[in-house]
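Here are my notes on the model, written as numbered points. Please read them with the structure open beside you.

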Amino acid sequence: MNIPTRNLVTLLAFLALCLAGVSSVYAQTPGASSLEFPYTGNRAAVWIVAQFHTLLGAFVLGAPIFVVIAEWLGYRKQDLRYDRMAKEVTKITVILFSLTALTGGLFIFVLLATYPQFTTWLINQFYLVFAVIYPLMFILGAIALYAYFYTWDAWKGEKKGRHIALGVLLNLLCLATMFAINGPTSFMNTPVKEEGISPMEALAVATLWDKIANASWMPLNIHRIDGNIAFGGFVVGLIAAYMHMSAKSQEERAYYDWMGFTANLIAVGAMLLQPFTGLLLAYEMCDYDFSFCQYMMVEQLSMFFEMQGAIVGLMFLGCNYYVWLSLRRIQGVEQVRMTVLAPVVMVLFPPVAIWGLTTYWIPEPMSLAILIPLALAPFLLGRFIPMTVSVQTVMKVGFLMVVVSDAIWLTPNGFAATGARMVEDLKLPEAWDFIGKMPTKLGAILSLVFATTINYALYGKAIRQGTIVWGKIDGISQFVLIFLAFTSIWAMGLMGAVRSLLRKYFHTYNLIPDFTAESFTPTLSYSAWLITGITVVFFIVVSVAVFVALRPLELKGREPEGSPVPAGTK
Amino acid sequence: MGKAIFKLVIGLAVGSGLWFTAKALGFPSVFQWAFFIYAAIGTVVFLLLDIPSMKPQSGWGAAASVFLFFGVLCVGYGAGASLLPQFDPEDEKGKTARVLSSAKSGNPLDPWKADEVIQRTKELDEKVKELEARIKALGSGQPTVVQPERDPGPRTVGDPMKIGEEQWQLQECYNCHKLRGEGGKKRGPELDNIGTYLTVDQIKQKIMDPKSYMATGFEKEWEKGRMPDKFKDVMSDGEITALAAWLYTFKNTAVDTPIPVKKK
């Protein structure tokens, strides 16, 4: 079976699954008891399928953004490496798109089997989205993706602009698909509500748009767009690492070294915004119902956030370490220097940010009036100060501040699973309890972002002033790329679990109660092992897709348009 | 090698310094060790900076290294998460089991009669007043402390105090309100003396409409609507009445419960 036929069959299978799933809602007997899923139980079964589908979805929605940016850069810079990278990633996206569709259909069936009444109710609430908009967007997206992929070679040269436009259209369709499905997803957390009337009454008078455009819909959209770009970038970094390790020649190693570097750069750029879009989502949810905030930050899920702090800190360390290793292959890096203000401000940033945010907490603008000039000082005032320091010194101070900032972020109010049952022996002393508060945490996050930005700015300067020798990167860097991809997938799974668990005794918050036997908050340990398992399965699937899509190219020898890039090319 | 040993010595010195400083500043031991671990992580990071370059791997050797690396990551994340304090799900399982057993026994939404709850509350209130009078007559001069029954035996459908306490647990009011020395005192007012200030109906009104009363000193929280406006929707009238009646029995004047101000 050739690739277009296989894709068509997959698409038709997805359509059949969706239609069968949605139409079975009407065939269902009200009050029918749900099944007990063998081995895992119902909740874990839904959790596994939903998260697996979400991970695939995140990649197939994030990768096209990454791909079109790369294709456009290649066109603008007339650098064939970008085009080759974009095409290779698209090839993998096509394979994973089919799997996303299949797991989407599977997800509906598992939901219908395990929680039939609730699923029926939710589909009825969003019938137009589930039966028309989402499948239609998915089909249009699939058509655009296949057209984009199969016109790659035909639309080059003067027609390249047309191909990029098709890529932009593909992205718009992908975004519309995500926005559509984020409606029911966010609705489950923050359904429509009106002051003075009950949630059921508010729901009765709500239009479909009211239900979609609920309190957490747009923050979730923003968080997911940003997250998908970062996620797509890290997964492309993983692909580059695999290919770098399996490269047979120095020119291939040079190309995949460059690919890993570019993917990591885009991913880190998006990752720097992630904590803030995540905070916006959390802020909106807390504003909707303050008990969400307690549950997340102080009570049952507080240690989930402790774990999040640990893994995000590791990601920041990982991406800075990648820069450190990358610097080793830049000839002339020893001559690159930076203003002394950079390390000085890096050291000053955590205490000033914590003080500023504690004194002038959001939305007071004074904190910005303090922090923005401080963050810009090395860039604006640096040129007026003659004293400079070496790249290594700046980066070492950066590493120190990343560790310190993450330590501040990680230090909780107390080492207890729930705040209500906190005892004195596990709690911060009264005089130091500001360490556990939100202004301190935000100050620490800002410091992490600032130190990383300085390191990447320095890296840019080193690339401009020195000569980068592609293919000569330290072998450890490929493990760093794998580590970053694994950790970002894991972090996504953890935070997705938090968002879903927030509803606690409800399928849809305050509307549809969930008093099934599994409606309790699971332990962090159980959740972590489950997330690890799902991450491993996702890794296996991506690895197989990479092998299927890119290895034949290696065996046959590549086409001339992705010409080899000699090592040493800048 | 000498550089690595030097870094290890520095790391150990910083870790020990943090450990002793934290001890001197009154941090509990768990924090002292946490700070030591942070210093250890920092040491590992600085050791990694000077690690010798590794030649690019390829072939089966690379595949084996990648597998091994995945194994380390999987065990590291799973085990790392397991080392943190774990919430005991039995707590919530018990709550769901109670709700499910109520549902089996009859009406799942209102298994308790509101009238019966109010009647029982009045009886209890009378008892409280009687006890207060007796204590005053004894001339103790101490503030009146009335605690609800701690262990009234097995719950019956008509036991409003037990139902009220169950609702307190089920709705997790303790997350924000301190009561009997337990719970989060800073996010909402401590409620041990609430029965002195509000009647059952007034407490009920506050639960159903959080904006109806404002605790003195909690103006910011009241302005921001920190108390969820959901209980009238997720609790039956009987449940709210039971909770209000149970809270009304708390008249511990030794506790500085903020005075509620009527706003609606």
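1. In this predicted model, the residues A:F479, A:I482, A:F483, A:F486 and A:W490 of helix α18(A) meet B:V66, B:F69, B:L73 and B:Y77 of helix α3(B). Sorted by class, the residues of this contact comprise nine nonpolar, no polar and no charged.

2. The crossing of α18(A) and α3(B) is right-handed.

3. A further pair joins helix α16 (residues 391–410) of chain A and helix α2 (residues 29–49) of chain B, whose axes come within 10 Å and cross at roughly 155°. Because of that angle, α16(A) is roughly antiparallel to α2(B), and their crossing is right-handed.

4. On the α16(A) side this contact is made by A:F399, A:V403 and A:A407, while α2(B) supplies B:Y38, B:I41, B:G42, B:V45, B:F46 and B:L49. Here the classes are eight nonpolar, one polar and no charged residues.

5. Turning to chain A as a whole, the chain has 19 helices and six strands, and its C-alpha atoms fill a box of roughly 75 × 70 × 40 Å along the principal axes. A compact globule of 570 residues would have a radius of gyration near 25 Å, so the 25 Å of chain A agrees with that expectation.

6. Buried residues make up 54% of the 570 residues in chain A. Among the contacts in chain A with a separation of 6 or more, 84% are between residues 24 or more positions apart.

Conventions
Residues numbered from 1 in each chain as written. Chains lettered and ligands numbered in written order. Predicted model: local features only at pLDDT ≥ 70, side-chain atom pairs only at ≥ 80, totals over all residues. Left-handed = near helix turned anticlockwise from the far one by under 90°. Helix = DSSP H or I, 4+ residues; strand = E, 2+ residues; numbered from the N terminus. Contact = placed C-beta atoms within 7 Å. Nonpolar A, V, L, I, M, F, W, Y, C, P; charged D, E, K, R; others polar. Rg over C-alpha atoms; globule rule 2.2 N^0.38 Å. Buried ≥ 20, exposed ≤ 12 C-beta atoms within 10 Å, placed from the backbone. Axes fitted to C-alpha atoms, helices over the stretch in contact; angles between N-to-C directions. Parallel < 35°, antiparallel > 145°, perpendicular 65-115°, else oblique.
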